[in-house]
Amino acid sequence: MERLGRFAVHRRRWILVAAIAGIVAAGALGGNVAIHLSNGGFDNPSSESSRAAASLERVFHTGSPNFVLLVTANGGSVDAPSVASEGAALTRRLAAEPGVADVASYWSQGNAPALRSTNGAQALILARITGTDDQVRDRVKVLAPRYTQSTAAATVAVGGRAQIFNQVGTQVEHDLRRAEAISIPITMLLLIVVFGSVVAAGLPLTIGIASILGTFLILRILASLTQVSIFSLNLTTALGLGLAIDYSLFILSRYREEVRGGMAPHDAVVRSVATAGRTVAFSAVTVAISLGALLIFPLSFLRSFAYAGIAVVAFAAVSALVVLPAVIAVLGRRVDTLTIWHRRTPEPGQGFWHRLATFVMRRPAVIAVSVVALLLVLGAPFFRVNFGLPDDRVLPATASSHQVQDAIRTGFASDELNTLPIVAFGVRTNDPSAVDGYASQVSSLHGVAAVQAATGTYAGGRQVAAATQASARFTAARPAERATWFAVVPTVEPYSDAGETLVHEIRSLSPPFSVQVGGSSAELVDSKASIFGRVPVAAGLIGLVTFVVLFLMSGSVVVPAKAVVLNLLSLSATFGAMVWIFQQGHLSGALGFTPTGMIDTTTPILMFCIAFGLSMDYEVFLLSRIKEEHDRTGDNTASVAMGLERTGRIVTAAAGLLAVVFIAFATSEITFIKLLGVGMALAVLMDATLIRGTLVPAFMRLAGRANWWAPAWLRRVHDRIGISESDGPPRRAATDTEPLRVAEPVRVGEFES
């Protein structure tokens, strides 16, 4: 790392020229990345529900409706001649639109009761916009305003899955701009408070903006190769600002301390990169691998966060280790230009964090038990978590798609929009009894209103209507396919326990042909299986990487194990709070969202990977200072106190700044983005204060000399490849009976915060 520091100093002007050119290019080429990103990605392409949707498209050239018009009669019934005439005209007009198929309405289906509200004031027109997710998004942007209208006879509102994700995407872009407008000025002000200098405060923010623009360019390139979710932009901005501030804060603080200790500016830059820079590099690797664990999951939504996370961590780390030292080398002592105020540095052993650590280590057992009990109580609601997928209710109540789906949920006897398609292969075309028997069997299940098949309509375990001309759509165009499909109209919420139970019951049947069950409820079942089946692998990978990095930092196997356990405790408390707030609906009025009784399936996984990585970020910084002090003094208790003193203020400042960024994203109108913002802010603040301030010193005091234990063969490994910020040889180990003492005054070149 020392050579990297010297390179940054000696080539500082060339580095700055290259950095400016790169930022301009990234902004020009990646600035419009949002229009190239997808609003979907919540399904597993290899799941049964996805294969059912693909089979419907390939064999039958049909699929589930994703575009709906809710026609509301103005002061009368949808059977009134003027409303019926307008409804029929809308149906014909929509059917003539390019890229639109399978148009059906209350009026075109012979006044079908399922498409009419129970009070007779509303009716539905269903359609399917064909094409890829991007083609559907582009088409609905044209159709939605065209069919949103109000006449003397009726009012028409647009909803459906296509419009839901169209409005979600538009809202995300708007929320992102608002979050940036909130977080950047506040962050700048807080950085000025932390550094006391306008110039010094502007450097982390500049590094953050450069990291964001660089990641936008990477996402733009990836979007041309694979599906990338638009929601990854939120993580890009949050982590871009947060990590750049974290890394810059530690590099800048170390530089200012070295200069204050009498070192020349260029030498101080080299020293900062060689010491704090080494920790930044290992921290970045830990965070990147934690986020990289999201690549294990088959959902492009989660993979997109891995793409964004890895890229933004890499840009933030490289910028902090190369570009920032080059800028500091150019500025020299002018880095403190426009100083607003001066902060008096407390004498060693006199700071708040030292006093807190000393207080905790005098009563380690009592404090540890109390804090752990508190975290367990906070985490208890997570045992009642109920997972689901995002639907219209992630949008604000004013969104048209939210209002349309609310009307369908409350005003219609069955939900034709969420029909479960069942695709069957290997059907004997000359034996309709098999189709008849299976349709009857499915229709007898609880939660099924009706089953439509090639042989007719079924309800309550028997046929209630014979086949009509419209029934031909259930038969494959080519008889050689030996395929048919069934439309199951449910009476239960698609994203609910009852909906999942219905899917499991259908899949447990044994018809004389192979079937693929699709639809919204099946997507939820398959999504859970796809995610939770891979959670142990992802968690194991993150835990292993965490253990290895902290072992390389400490030479101990106890400290890494302690860190993993404490991080899990912290995250469990955060997850419990999220269930209490967002699933159970507490604070829904204050935060402005619609509670659904569910938590999005992907959000806890995403939060786990991000929060675990960030907690390791702070753990690495703290542990590096404790280890340095322990190597210098051999006193376990004093090294913990001094390590916390030297990092406590900076870690807390970094966590506070990062929490501001996440809280800005909590202003989003999209519920699961709001959940992510609130949850991550809580996780970061809890980890940087409660965990680092109480549990870390308490457990390290209780462990005593065992903190630094490792088997002999692992000790030899650490001696060869371990990392440390200290330069001198370790002193003898102190016994646990030695009194707590303040380490000797900081010498030139040593870190002090």
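Mentor: Six strands, paired in the antiparallel sense, make up an open sheet in the order β10-β9-β8-β11-β7-β12; strands here are DSSP runs of E with at least two residues, helices are runs of H or I with at least four, both numbered from the N terminus, and two strands pair if DSSP finds at least two bridges between them. This is a predicted model, in which local features need pLDDT of at least 70 and side-chain atom pairs count only at pLDDT 80 or more, while totals for chains, interfaces and linings use all residues. Residues are numbered from 1 along each chain as its sequence is written, and side-chain values use heavy atoms, with hydrogens and water left out.

Trainee: Which residue of β10 does G456 stand opposite?

Mentor: Strand β9 (residues 456-459) pairs with strand β10 (residues 462-466) in the antiparallel sense over four bridges. In their hairpin, which has two residues between the strands, G460 takes a positive phi near 60 degrees. The residue opposite G456 is A466.

Trainee: At what angle to β7 does helix α15 run?

Mentor: Strand β7 (residues 420-425) pairs with β11 (residues 483-490) over six bridges in the antiparallel sense, and L420 stands opposite V488 in β11. Helix α15 (residues 497-508) lies across β7, β8 (448-453), β11 and β12, where contact means heavy atoms within 4.5 Å. Axes are lines fitted to C-alpha atoms, for helices over the stretch in contact, and angles run from 0 to 180 degrees between N-to-C directions. On that basis, the angle of α15 to β7 is about 15 degrees.

Trainee: Is Q167 buried or exposed?

Mentor: Q167 is found in helix α6 and touches L395, A399, S400 and S401, not counting residues up to four places away in sequence. Buried means under 20% relative accessible area, exposed over 50%, and partly exposed in between, with a 1.4 Å probe and protein chains only. Because its relative accessibility is 19%, Q167 counts as buried.

Trainee: How far apart are the C-alpha atoms of Q167 and I670?

Mentor: Along the chain, Q167 and I670 are 503 residues apart. The separation of their C-alpha atoms is 10.0 Å.

Trainee: How does I186 count, at 36% relative accessibility?

Mentor: The place of I186 is in helix α6, which spans residues 161-195. Because its relative accessibility is 36%, I186 counts as partly exposed.
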